[in-house]
Amino acid sequence: MRKKISGLFLTVFNFYYDGFRSMTMGKKLWIIIIIKLFIMFVVLKLFFFPDFLQTKFENDKQRSDYVLEQLTMPTNK
Amino acid sequence: MISDIDITLVDWSRAQFALTAIYHWFFVPLTLGLSFMIAIMETIYVRTGNEEWKRITRFWMKLFGVNFAIGVATGIILEFEFGTNWSNYSWFVGDIFGAPLAIEGILAFFLESTFIAVMFFGWNKVSKKFHLASSWLVAFGSNLSALWILVANSWMQYPVGMEFNPETVRNEMISFWDVLLSPVAVNKFLHTISSSYVVASLFIVGVSAWYLLKKRELLLARRSIVLASVFGLLSALFTAITGDGSAYMVAQKQPAKLAAMEGLYQGKSGAGLIVFGVLKADAHKDKEDNFHVKFEVPKVLSLLGYRSPDAFVPGIKDLTDGNKEHNIMPTSEKMEKGRLALASLCSFKEYKKQNNQAKVDSSLGIFRANAQYMGYGYLNDPNSIIPNVPMTFYSFHIMVGLGTLFILLFMITLYLSLKNKLDKQRLLLKLLILFLPLGYVASESGWIVAEVGRQPWAIQDLMPVSVATTRIDATAVMTTFILFAVLFTVLLIAEIKIMLTQIKTGPEGGKNV
């Protein structure tokens, strides 16, 4: 059983390995994808897009209190 | 409340979301439509064994790969923005928005890591039938992926299947099926995917027309044009049918959007559909004539919107000021009810703290009775329910006008192709290339109608965009707006450049992606 699983794993690995190796235009695309994902997930997400409620508050109670305050505080009365 | 909010912040947050959504949508329609046509081409190859069809399949698959690679994950940025710029909204919608997006994420992951890999790397490594099955699964998977995003968007236009929990300040899903199968969601999904198929068909027809003009790859171009014309024609006709369904739902659920789409300032029975019109700059709900020029088909708007040629279609004036005869509540009354809902929500929290159960129940009762008007409580002026009329009106007419032209174009192209006369029609071939970007114009216009037309609401009747926004520094939003503008422009230029190089190289320029 273990042999079968490792054989399957090897087949899948070789499938992807050969696929990537034989790429022509794809290499350029992969470079674009990697740069793009780096900019999105490392630069933008870490430095520019923190999850506001997750970072400002410790628990859901605080978050819901804050949002309720935002929704109800300065009403048009 | 609105007076307390930095309008610059709201505008920049909206502009940023609009920019990222518009750029993201440059990549999506081609993926949705091209994947199906590739699967059809490969099916023909597997059934006939004709090697030319394999060559055709691989060529379009290569262009699909370019679009997919550059477009992949551009939608993730929209999710970043929810957490940073729209945190009140994100919290308020709870799992209703989160559940469809999570399903989409999981689907996209499995799709991208498995079947797309088989599609691109699997030629000669897996059986023909398994490869074909993978191509079909990519097509179905990417369309299914779109379903969840569109379900989430539809919920914002027509919130159903949920109940607001005042303790957690979140909406909780009480019926998944009501959310998934709401008539707005069903129509939006069908209309969006069929229009995307039209965009992809125009892409294939346009590129093939270029080959015919250059007298290159003639067999590939002719076969591709026939297939894309049939697919495009059927899709364009279906888009028209689903568009009718969408407009009907807009009439029922978002009458202010319909009024803006048709520039209908004052309601009338037996309202006509404006085929072409130029709005006056000073158009206003109190004026009788708001058009410089218009060509109108009598009674059709009533027929399409309410399935009766003499039905009353409310105009902007009826929706803001109310209309007793037609049982339309004035917006000012909805605003009163909305304020009552907000005040009772506030007192609910206070009484809860004091452990005064009787008053908690009473506040909750008042809230529940007025909750459907909650969003109106934030408005200062009844006129603020009016979306940007010129933008909605022109975008709608550009979309419909182009959609009609596409039907004609596919019919002509198909007819001439079947008669073997298309190669000689050089002017038409040039026109077909010109129509390639017009597919995108129509598709983006459709989104402008949907999103600008529903303003001021982030969630229809429940939450205006001004309340949905996170109170952060407007400069930070402006900075990221500029970053996105640069990043997406670079990506779009890269896509167009690589795509053009691949088209010029043709199918022989390297068989592998």
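B:Lys299 lies in the loop between strand 5 (291-297) and helix 11 (300-306) of chain B. Here helices (H or I, at least four residues) and strands (E, at least two) are DSSP runs, numbered from the N terminus. The model is predicted: local features need pLDDT of at least 70, side-chain atom pairs count only at pLDDT 80 or more, and totals for chains, interfaces and linings use all residues. Residues are numbered from 1 along each chain as its sequence is written, while chains are lettered from A and ligands numbered from 1 in the order in which they are written.

Most residues other than glycine have a negative phi, and most peptide bonds are trans. B:Lys299, although not a glycine, has a positive phi of about 65 degrees. B:Lys299 counts as partly exposed because 17 C-beta neighbours lie inside 10 Å. By definition, a residue is buried if 20 or more other C-beta atoms lie within 10 Å of its own, exposed if 12 or fewer, and partly exposed in between, with C-beta atoms placed from the backbone.

B:Asn327, in the loop between helix 12 (316-321) and helix 13 (331-353) of chain B, also has a positive phi, near 60 degrees. With 8 other C-beta atoms within 10 Å, B:Asn327 is exposed.

In the loop between helix 16 (426-452) and strand 7 (457-459) of chain B stands B:Pro456. The peptide bond that joins B:Gln455 to B:Pro456 is cis, and its omega is near 10 degrees.

Finally, B:Leu364 belongs to helix 14 (residues 357-370) of chain B. B:Leu364 is partly exposed, with 19 C-beta neighbours inside 10 Å.
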